Amino acid sequence: MEPPDWSVVRRQRLAGTGKRVLGLDTIYLWNVSGGNLLHTLSGGTDDITDVIFSPNGSTLVSFGKSPYAATPTISVWDVSQGRLLYTLEGQTRAGKSYIFSPDGTILVTISRRNHPQVLSL
């Protein structure tokens, strides 16, 4: 498979395991040490603005905006299967900061107006 057009990449992140990295508009999960593409993630949102891996690297959360939703959308992905688990729409404000709990079950977002929101995943 051809690598993505890296000129459109907005964000790159390494998982806690150090094995996967991704690029955006579409999400590409790569094995960094082997250099092979693991999964191409699509769906969730059309305009991905940021991503975060859970502490153990098994879950990826992407943040973006769907053309059909007035508020930001959070998409939760299974990294090993490369599939969308679910999306949360209309429950969040645009964030400037995100952090997982150490066990990866809670996500805290901080909006641009410094409003925290706690989401149970």
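Me: What does the side chain of Ser101 make a polar contact with?
Reply: In this predicted model, the side chain of Ser101 makes a polar contact with the side chain of Asp103, at 2.6 Å.

Me: And where does Ser101 lie?
Reply: Ser101 sits in the loop that runs between E8 and strand E9, the latter covering 106–111.

Me: Is Ser101 buried or exposed?
Reply: Ser101 counts as buried, because its relative accessibility is 15% and the cut-off for buried is under 20%.

Me: Leaving aside neighbours within four places in sequence, what is Ser101 in contact with?
Reply: With those neighbours set aside, Ser101 is in contact with Pro55 and Ile106.

Me: Switching to aromatics, how many aromatic pairs does the structure hold?
Reply: There is one aromatic pair. The rings are those of Phe63 and Tyr98, and because their planes are at 20 degrees, with the centres 3.6 Å apart, the pair is stacked.

Me: Which parts does that pair tie together?
Reply: Phe63 belongs to strand E5 (residues 59–65) and Tyr98 to strand E8 (residues 95–100), so the pair links parts that are 35 residues apart in sequence.

Me: Now the whole chain: what does its secondary structure come to?
Reply: The protein chain has zero helices and 10 strands, and buried residues make up 39% of its 121 residues.

Me: What about the accessible surface?
Reply: For the protein chain it comes to about 6,800 Å², with 49% of that belonging to carbon and sulfur atoms.

Methods
Residues numbered from 1 in each chain as written. Predicted model: local features only at pLDDT ≥ 70, side-chain atom pairs only at ≥ 80, totals over all residues. Heavy atoms only, no water. Phe/Tyr/Trp six-rings, centres within 6.5 Å; stacked < 30°, edge-to-face > 60°. Helix = DSSP H or I, 4+ residues; strand = E, 2+ residues; numbered from the N terminus. Buried < 20%, exposed > 50% of the residue type's maximum accessible area, 1.4 Å probe, protein only. Polar contact = N/O pair within 3.5 Å; in protein donor to acceptor, adjacent residues only side chain to side chain. Contact = heavy atoms within 4.5 Å. Areas by Shrake-Rupley, 256 points an atom, 1.4 Å probe, with all protein chains shown as cover.
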